[in-house]
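The report after it is a short tour for someone new to it.

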Amino acid sequence: MSTVSPSADLTRQTAANLATAIASREVSAVEVTRAHLDRIEAVDADVHAFLHVSGEQALAAAAAVDESLQRGEAPASPLAGVPLALKDIVVQQGVPTTAGSKILEGWLPPYDATVTQRLVAAGIVILGKTNLDEFAMGSSTENSAYGPTRNPWDLTRIPGGSGGGSAAALAAFEAPLAIGTDTGGSIRQPASVTGTVGAKPTYGGVSRYGVIALASSLDQVGPCARTVLDTAMLHEVIAGHDPRDSTSIPQPAPNVVDAVRRGQSDGVAGMRIGIVKQLGGDGYQAGVSESFAQAVATLTAAGAEIVEVDCPHFEYGLAAYYLILPSECSSNLARFDAMRYGLRVEQRPDGTLIESAEQVMAATRGQGFGAEVKRRIMLGTYALSAGYYDAYYGSAQKVRTLIRQDFERAYEQADVLISPSSPVTAFAIGEKVDDPMAMYLNDLATIPGSLAGIPAMSVPSGIASDTGLPVGLQIMGPALGELPMYRVAAAFEAAYLAEHGTLVPDLAPALEGAK
Amino acid sequence: MAAQQPALTRDDVAHLAHLARLQLTEPELDLYRRQLDVVLHSVARVSEIATADVEPTTHAVQLVNVYRPDVVVPGLEHAAALAAAPATDEGRFRVPQILGEEE
């Protein structure tokens with residue numbers, strides 16, 4: 001275990017190392033927090049990962065950790081004192097939360113999400129709220145009402161979405177830990193295109209209480225970091241049953257840190273890893289396919305048995321997803337009615353007063369929501385309307401059954417499944433913004449896992465030879481199969497480090513020009 | 001049954017926007033008519049394989065009713081619940097006229 005001296009660049013350390021150094025009082029949590037706030041100050045004007053930075057609150061939380069350690073108390077958790085970036089769709093009492101939307105500008109939540117409570121109780125220092133596609137709808141963070149986040153690897157490119165802010169904060173060394181939410185791939189695809197790690201737990205594995213709902217049957221909160229171990233440590237902090245979320249699985253958090261240690265020491269010897277035939281080939285960038293082939297070779301060398309599995313209904317996943325998601329979001333977003341909280345538009349452009357609640361509602365929603373949100377609300381309204389319900393929404397729910405059955409059969413042959421996380425590396429800002437279908441294709445590989453509710457994660461698999469940008473490897477476990485998923489991820493990461501001498505996140509540009 | 005959805009008209013989009021309580025501009029109506037048409041055409045293929053013998057999955061985990069003991073616990077305080085409201089009056093949400101606006 002390496003140690004951290006106060007003169008070292010604290011923002012380049014892993015969360016695990018920082019936590020050890022803080023617990024042994026080699027460095028203070030305040031020093032660590034200040035280093036990250038300074039880094040945010042230096043680079044975030046260019047990256048725009050954060051919508052709100054809670055500097056004073058973060059320093060106060062860090063000071064509380066230091067004082068507790070000074071009194072000789074045990075750390076509140078193995079990550080006590082480590083800073084974190086929170087996606088701005090998870091509420092934190094008294095801290096502005098917008099979900100990337102104008103309709104919630106200036107809103108101060110009157111309560112904490114369960115995830116927020118658990119982070120605070122663990123002594124984790126929340127640096128601020130990160131940018132996202134409005135209400136988590138998007139694959140590029142270009143749909144934020146507050147402007148796009150930029151990919152630290154190349155500031156002209158997207159950081160993925162919807163959790164682009166959280167992923168970019170990690171890749172820009174603004175935070176060692178981050179929280180994301182994944183509905184169709186919003187943790188995994190940003191992790192992939194920023195060269196970081198992100199995990200979507202089994203649906204119901206982390207409480208959604210206090211997480212602004214997009215599509216309730218798909219949304220899942222998950223941990224993000226630059227290493228698999230850090231991700232697993234954060235996973236253990238936030239996971240586990242919450243009586244306030246009726247879809248929360250009544251089981252304790254899985255011991256994923258142990259699974260990571262096992263992957264690091266024992267590799268993947270004796271494990272069967274399935275390659276999904278349908279999640280490769282056409283539509284994948286050459287550099288992505290190449291990196292995936294190398295990842296397969298690495299896993300084979302590490303002792304895995306590779307099998308090809310057939311999931312014939314995956315090709316319908318995208319279509320089913322883009323019916324189920326808009327249907328649920330059109331219903332969830334009905335709460336933004338201008339009556340109880342958020343924006344209220346009461347005047348016409350000519351200054352005259354709008355008299356009725358219905359018209360105020362329509363005017364407010366028309367002005368408060370961005371283009372992608374309106375498009376999906378109308379799509380959902382259509383899919384749920386009488387006469388089309390069976391053909392669209394009903395059929396999509398049946399496709400979901402067929403995809404679950406594909407997974408069940410696949411897991412008879414393999415312990416985990418793998419694929420590229422995203423079909424392409426980070427594309428240019430603006431490149432796909434006017435073409436919804438082209439944008440939706442970014443989630444091709446991540447959507448089947450979302451529909452089935454299984455755990456899935458993205459770990460960096462290398463740098464694409466054609467674009468020089470990071471590529472992600474997706475590892476999918478069976479339902480509640482976090483342990484084999486993390487074991488394979490850790491084994492892959494260890495093998496990659498042994499092979500290349502450095503991990504992908506450490507290759508990210510320094511962004512020194514920013515200050 | 002393949003979803004033989006007819007091309008969306010501008011009036012259809014206006015009607016959908018009304019149902020969804022979204023006031024749209026004229027250019028938005030045109031834009032969404034085109035885009036929704038493309039998306040709907042592309043997602044309609046779900047009906048190709050959704051035969052009558054396939055059970056729908058509404059949720060990835062089995063949902064059951066969750067109960068808690070029937071005891072009074074503190075909820076959100078009155079002032080906190082009202083704090084973010086666009087307008088309040090005498091401790092209540094103040095809203096525009098609701099009655100008498102529809103037939």
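This is a predicted model: local features need pLDDT of at least 70, side-chain atom pairs count only at pLDDT 80 or more; totals for chains, interfaces and linings use all residues.

A search of the whole structure turns up five cavities of 30 Å³ or more. The largest cavity holds about 80 Å³ of space. Its lining is made up of V197(A), R226(A), V228(A), V459(A), P460(A), F492(A), E493(A), Y496(A), L503(A), V504(A) and P505(A). Sorted by class, that lining has nine nonpolar residues, two charged ones and no polar ones. Two elements of chain A, β10 (456-463) and α16 (482-500), each put at least two residues into the lining of the largest cavity. The top contributor is α16(A), with three residues.

The second largest cavity comes in at about 50 Å³. Around the second largest cavity you'll find A136(A), G138(A), S139(A), T183(A), G184(A), S186(A), L214(A), Y321(A), Y322(A), L325(A), R376(A) and D443(A). Here the lining splits into five nonpolar, five polar and two charged residues. Helix α10 (residues 317-332) of chain A gives the largest share of this lining, three residues.

## A pocket

Now for an open space. The second largest pocket has about 350 Å³ of space. Its lining has 17 residues, and those nearest the centre of the pocket are W107(A), P110(A), Y111(A), R335(A) and Y341(A). In that lining, 14 residues are nonpolar, one is polar and two are charged.

## A helix of chain B

How far apart are the end C-alpha atoms of helix α2 (residues 26-43) of chain B? They are 26 Å apart. That agrees with what you'd expect, because 18 residues at 1.5 Å a residue should span 26 Å.

Several residues of α2(B) are tucked away: E28(B), L29(B), Y32(B), Q35(B), L36(B), D37(B), V39(B), L40(B) and V43(B) are its buried residues. So what covers the buried residues of α2(B)? The cover includes α10, α12 (371-383), α13 (390-413) and α14 (436-440) of chain A, along with α1 (10-19) of chain B.

## Two buried residues of chain A

Start with V399(A), which sits in helix α13 of chain A. That helix is one of those covering the buried residues of α2(B). V399(A) has a relative accessible area of 0%, so it counts as buried. Leaving out residues up to four places away in sequence, V399(A) touches Y316(A) and A320(A), plus V46(B) and I49(B). For a sense of distance, V399(A) and Q117(A) are 282 residues apart in sequence, and their C-alpha atoms are 37 Å apart in space.

The other one is S291(A), found in helix α9 (residues 286-301) of chain A. Is S291(A) buried or exposed? It is buried, because its relative accessible area is 2%, and the cut-off for buried is under 20%. Apart from residues up to four places away in sequence, S291(A) touches S461(A), G462(A) and V471(A). With S461(A) there is also a polar contact: the two side chains are joined at 2.7 Å.

S162(A) belongs to the loop between β3 (125-130) and α5 (164-171) of chain A.

The other two have a positive phi. A99(A) is not a glycine, yet its phi is about 55°. You'll find A99(A) in the loop between β2 (83-87) and α4 (114-121) of chain A. Although it's in a loop, A99(A) counts as buried because its relative accessibility is 0%. E90(B), again not a glycine, has a positive phi of about 50°. Its place is the loop between β1 (88-89) and β2 (92-93) of chain B. With a relative accessible area of 69%, E90(B) is exposed.

Definitions and conventions
Residues are numbered from 1 along each chain as its sequence is written. Chains are lettered from A and ligands numbered from 1 in the order in which they are written. Side-chain values use heavy atoms; hydrogens and water are left out. On a 1 Å grid over the protein atoms alone, a cavity is a set of points where a 1.4 Å probe fits but cannot get out, and a pocket is an open set with protein on both sides within 12 Å along at least five of seven lines; lining residues have an atom within 4 Å of a point. Grid points are joined across faces, edges and corners, and a volume is the space filled by probe spheres set on the points. Helices (H or I, at least four residues) and strands (E, at least two) are DSSP runs, numbered from the N terminus. Ala, Val, Leu, Ile, Met, Phe, Trp, Tyr, Cys and Pro count as nonpolar, Asp, Glu, Lys and Arg as charged, and the others, Gly among them, as polar. The expected span of a helix is 1.5 Å times one less than its number of residues. Buried means under 20% relative accessible area, exposed over 50%, partly exposed in between (1.4 Å probe, protein chains only). Contact means heavy atoms within 4.5 Å. A polar contact is a pair of N or O atoms within 3.5 Å; within protein, one must be able to donate a hydrogen and the other to accept it, and residues adjacent in sequence count only if both atoms are side-chain atoms.
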